[in-house]
Structure formats: structure tokens, C-alpha cells
Amino acid sequence: TPPDTRVERWAIEFGAGRSSAREDAYIQTLDDFGFARGDLLFGSTTAHASVAWSPLRNLAVVGTYSGLDRSGFTREMSDPDGVEYDTQFAWRTQRLGAYARGQLPLLSGWFVPYIQAGGGPAWARTVFEDQDAATPEWFVGGHLAAAAGLHIQPVIGPRRWRHIGIFGQI
């Protein structure tokens with residue numbers, strides 16, 4: 001008889017990573033106006049939280065919130081009286097996503113390579129701050145994304161519980 005493909009499993013995933021500092025025309029314009037990047041050496045921290053539901057052995061539906069990118073720039077200024085102050089410009093981008101994940105549990109589910117694709121809304125907030133005020137702006141759009149990864153989920157005990165695992169994703 002063929003193996004039962006129904007597994008009905010829920011998972012909560014938390015991830016963190018780093019994105020490298022970018023060089024593009026926008027960053028070059030900030031450089032041209034004398035802004036110094038605050039994250040030049042280390043890039044920016046990214047994080048996500050996901051809920052995954054596997055109705056079948058080889059399929060999961062994943063909902064994710066992700067903090068994508070954040071960066072800040074500072075420029076030293078002085079007013080006509082010679083009083084010095086800093087002008088700052090910063091942004092932060094985030095997204096919500098719904099993804100379909102194709103997965104292949106191997107070795108009794110200890111190793112689960114997967115690929116996923118999907119999309120959803122994305123938004124960014126910028127703030128320009130000088131000695132007078134802070135000026136925030138919001139930008140809203142969408143995103144499409146694809147990823148590949150590997151879950152490592154050991155089986156524990158006679159009831160075959162899977163409570164904690166680790167994963168990597170690109």
C-alpha cells in the first residue's frame with residue numbers, strides 16, 4: 001500500500017540574518033550630499049517570523065512577517081550662527097507574505113529540503129530629521145519572493161515528537 005501522504009503539522013519559525021550594504025544610485029546621491037552611512041561595515045539586521053501548516057507530506061502553506069532592510073545616514077551641519085547639529089535620514093522596510101512550500105522529508109523527517117514561492121504587501125518608512133523637526137513618509141507596494149532551505153527536525157521520544165529544529169534559507 002502507498003504511504004499516507006497526510007501529515008497535518010503546524011510549525012512556528014523564527015529567523016534572523018544580515019543583509020550586506022548596498023551600492024546603488026540612491027546611496028550614491030546620499031554620499032554626494034555628504035551623508036555618512038551608519039551601517040557601512042556590518043549591513044543591516046533582518047528578521048522574520050512564520051507560521052507554517054503542512055496539510056500534506058510534500059506541501060506547506062506559510063505566512064510570514066519579515067523585517068527586510070534598515071539603514072541610517074548622518075550629515076553634520078551648522079546654522080548661520082555657527083551652531084552645529086546633525087541631519088539624519090533613515091529607512092526601514094517590512095513585508096507580509098503568503099507562500100506555497102514544496103518539501104521533501106528525508107530520513108523519517110529529520111531533514112526536510114524545500115523550495116517556496118509567493119508574495120504579499122510590503123512597505124517602507126523613511127524619516128528625515130534636522131534641527132527643526134522629523135519628517136516621516138510611508139511607501140506601500142508589493143513583493144514576490146522565492147527561497148530554498150533545509151529544516152533539520154530531530155524526532156524525540158517514543159511518541160515521535162518534533163518540538164525544536166533548526167533551518168537555513170536563502
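## Exercises on loop, fold and cavity

**Exercise 1.** State whether serine 108 is buried or exposed.

*Solution.* Serine 108 has a relative accessibility of 52%. The cut-offs are under 20% for buried and over 50% for exposed, with partly exposed in between (1.4 Å probe, protein chains only). Serine 108 therefore counts as exposed.

The model is predicted, so local features need pLDDT of at least 70 and side-chain atom pairs pLDDT 80 or more, while totals for chains, interfaces and linings use all residues. Residues are numbered from 1 along each chain as its sequence is written, and side-chain values use heavy atoms, without hydrogens and water.

**Exercise 2.** Describe the backbone and setting of leucine 107 and serine 108.

*Solution.* 
1. Leucine 107 is not a glycine, yet its phi is positive, at about 50°.
2. Serine 108, also a residue other than glycine, has a positive phi near 60°.
3. Leucine 107 sits in the loop between β5 and β6 (111-129); serine 108 is likewise found in the loop between β5 and β6.
4. At 62% relative accessibility, leucine 107 counts as exposed.

**Exercise 3.** Give the order of the secondary structure elements in the protein chain, then say what share of its residues is buried.

*Solution.* 
1. Read from the N terminus, the order is β-α-β-β-β-β-β-β-β.
2. Of the 170 residues, 29% are buried.
3. Among contacts (heavy atoms within 4.5 Å) with a separation of 6 or more, 60% join residues 24 or more positions apart.

**Exercise 4.** Find how many cavities of 30 Å³ or more the whole structure has, and describe the lining of the largest cavity.

*Solution.* 
1. The search finds two cavities of 30 Å³ or more; a cavity is a set of points on a 1 Å grid over the protein atoms alone where a 1.4 Å probe fits but cannot get out, and lining residues have an atom within 4 Å of a point.
2. The largest cavity holds about 100 Å³, the space filled by probe spheres set on the points, which are joined across faces, edges and corners.
3. β1 (6-19), β3 (44-56) and β5 (84-103) are the elements that give two or more residues to this lining.
4. β1 gives the most, with four residues.
5. The lining residues include Arg9, Trp10, Ala52, Arg101, Val112 and His151.
6. By class, the lining has five nonpolar, four polar and three charged residues; Ala, Val, Leu, Ile, Met, Phe, Trp, Tyr, Cys and Pro count as nonpolar, Asp, Glu, Lys and Arg as charged, and the others, Gly among them, as polar.

Key: On a 1 Å grid over the protein atoms alone, a cavity is a set of points where a 1.4 Å probe fits but cannot get out, and a pocket is an open set with protein on both sides within 12 Å along at least five of seven lines; lining residues have an atom within 4 Å of a point.
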